[in-house]
Amino acid sequence: MKLPIYMDNHATTPMDPRVFEAMKPYFTEVFGNAASRNHSFGWQAEEAVEKSRKQIADLIGATPKEIVFTGGATESNNLALKGVAEMYAEKGNHIITAATEHKAILDTCKRLEKSGIRVTYLPVQTNGLVDLDMLRDAITDKTILVSIMYANNEIGVVQPVAEIGKIAKERGVLFHTDAVQAAGKIPVNVIKDNIDIMSITGHKLYGPKGCGALYVRRKGPRVQITAQMDGGGHERGMRSGTLNVPGIVGLGAACALCQAEMPEESRRMAFLRDKLRSKLESQLDEVYVNGTMEHHLPNNLNISFAYVEGESLLMGINDIAVSSGSACTSATLEPSYVLKALGAGDDLAHSSIRFGLGRFNTEEEVDYVAGKVIDVVRKLRELSPLYEMAKEGIDLSKVQWAAH
Amino acid sequence: MAYSNKVLDHYNNPRNVGSMDKSDPNVGTGMVGAPECGDVMKLQVKVNPETGIIEDAKFKTFGCGSAIASSSLATEWLYGKTVDEALQIKNTDIVSELSLPPVKIHCSVLAEDAIKAAITDYKQKSALHKTESVLVS
């Protein structure tokens, strides 16, 4: 076993060596511009791009023509929201999203609000899921788009996407989903799930960074999006710019591998994740899993270790790469807004650790991680005045704290 | 973020971890911070009532590594000081000793506040204790 151990696969995944092999020729040998229509260099590049388009479409139940290549999921999300807002401005000016979305959605919505779009940010229930009745009530005759993520990047909960899509369809509203964490990990099907627009990216499914895609439905309904960059009119006019052929080849190869290996891989991820969880829960008291485990990514475990601050825990497990929802680990010095949205209290957000398992983690690594985390939590609880007070039977929620 | 060697040392080998009897009239207890802010420090001093010198200091901290290091360092510095000398410890001394980056300055402020709270508590208790002694005699 090699140290440090990488267990932060929601942030990014290592590239699968098979993906890298597939990409290699497209840097030096097959370097043509896929838009060059009159020589073999261009045709070869175009052929590679079209193969990738099919691989991506196959993974998500779409047709190749519905795939628009982008520079990553942030661009895909921006293009979806801004492109729909602009294209459907005559129909309405209202977008519905959720409080636990990624910043690429929330900040795009904030920007749209400045230009006159009204945005409803649905709260989530304590289990992390959107309340469907609340969604139904939020839709008005001005609503043009519902954007709810498929699976959450922090707490791993999987939203009832098919139901959300059905509700949107019934009301004649488009449905976009950010499927960055879900695609390639769990079955995603744009037809069954009633999805009209969907964002994915390469580097969360063992492919390259800097290459993503947007699924844009062509039939029932035919979705139109206003391009956000002017240029050569690539990608059916929705996204100009010379195609990143090696990246696109990598994204396609990564999707094909995910599709072929998903049944086996998702079983293995769930086994490792459950083992990690049961080890932690059997050795430590007062640990709380964040987000429902009933509708959950197989590779995610987000867990709060009460009375221990997340950054100090990360410091003690410095040969393991994971993330925390603690304020101290964020650029804004605010604890995770996703965990806050669950309403569990800021203290549990400060105490949270996100374990993101991936294709290359082993059972030996999981055993090591569990052992190390248990040791450090115990050590830090010896240091914690809160743990001491809790053991004395003091109700911490009733204490008058000298907040600063 | 990279931690300084001194922060790492205090984190890995925290000094004077523990708790003293709060009801002891010679013990002053300071508790500052709040769980929802992500840091709580409890700092205690035991003062010799004859000399006014701090003879023991203990801490427990819920917080990041820099908060743990700041309070651990504070207990080291308190040993052998008079209560008035202890009040002279400034957060900036802690910042420079531990090479804390700007985002961690609040940890040192919290440690200074904890020292002040512990000393204030001791002074209040000893004043009360003296009054009680006078009343009894």
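Hi everyone, let me start inside the protein: A:Arg359 and A:Asp16 are both buried. Please keep in mind that this is a predicted model.

What do those two residues do together? A:Arg359 and A:Asp16 form a salt bridge, and their closest N and O atoms are 2.8 Å apart. This pair ties together distant parts of the chain. A:Arg359 sits in the loop between β13 (352–356) and α12 (363–382), while A:Asp16 sits in the loop between β1 (5–6) and α1 (17–23), so to speak 343 residues apart.

Let me show you two more of them. One joins A:Lys24 to A:Glu21, with 3.0 Å between the closest N and O atoms. Are these two buried or partly exposed? A:Lys24 has a relative accessibility of 38%, so it counts as partly exposed. A:Glu21 has a relative accessible area of 47% and is therefore partly exposed too. Buried would need a value under 20%, and exposed one over 50%.

The other one is between the side chains of A:Lys391 and A:Asp285, at 3.0 Å from N to O. A:Asp285 counts as partly exposed because its relative accessibility is 29%.

Now, on to the sheet. Seven strands of chain A make up an open sheet with mixed pairing, and their order is β2-β8-β7-β6-β5-β3-β4. Which strands are at the edges? They are β2 (67–70) and β4 (118–122), each of which pairs on one side only. On average, neighbouring strands in this sheet are turned by 20° against each other, ignoring direction.

Let's zoom in on one pairing. Strands β6 (residues 174–178) and β7 (residues 197–201) run parallel and are joined by three bridges.

Helix α7 (residues 161–170) lies across β5 (143–147) and β6, and runs at about 155° to β6(A). Then there is α8(A), which lies across β2, β7 and β8 (212–216), at about 100° to β7(A).

That brings me to my last stop, where α8(A) meets α12(A). How do these two helices cross? Their axes come within 10 Å and cross at roughly 25°. That angle makes α8(A) roughly parallel to α12(A), because angles under 35 degrees count that way. The crossing of α8(A) past α12(A) is right-handed.

Who is touching whom here? On the α8(A) side, the residues include A:Phe271, A:Leu272, A:Leu276 and A:Leu280, along with A:Lys275 and A:Lys279. They meet a set in α12(A) that includes A:Val366, A:Val369, A:Ala370, A:Val373 and A:Ile374, as well as A:Glu363 and A:Arg378.

Key
Residues are numbered from 1 along each chain as its sequence is written. Chains are lettered from A and ligands numbered from 1 in the order in which they are written. This is a predicted model: local features need pLDDT of at least 70, side-chain atom pairs count only at pLDDT 80 or more; totals for chains, interfaces and linings use all residues. Side-chain values use heavy atoms; hydrogens and water are left out. A salt bridge is a side-chain nitrogen of Lys or Arg within 4 Å of a carboxyl oxygen of Asp or Glu. Helices (H or I, at least four residues) and strands (E, at least two) are DSSP runs, numbered from the N terminus. Buried means under 20% relative accessible area, exposed over 50%, partly exposed in between (1.4 Å probe, protein chains only). Two strands pair if DSSP finds at least two bridges between them. Axes are lines fitted to C-alpha atoms, for helices over the stretch in contact, and angles run from 0 to 180 degrees between N-to-C directions. Contact means heavy atoms within 4.5 Å. Angles under 35 degrees count as roughly parallel, over 145 as roughly antiparallel, 65 to 115 as roughly perpendicular and the rest as oblique. A crossing is left-handed if the near helix is turned anticlockwise from the far one by less than a right angle, and right-handed if clockwise.
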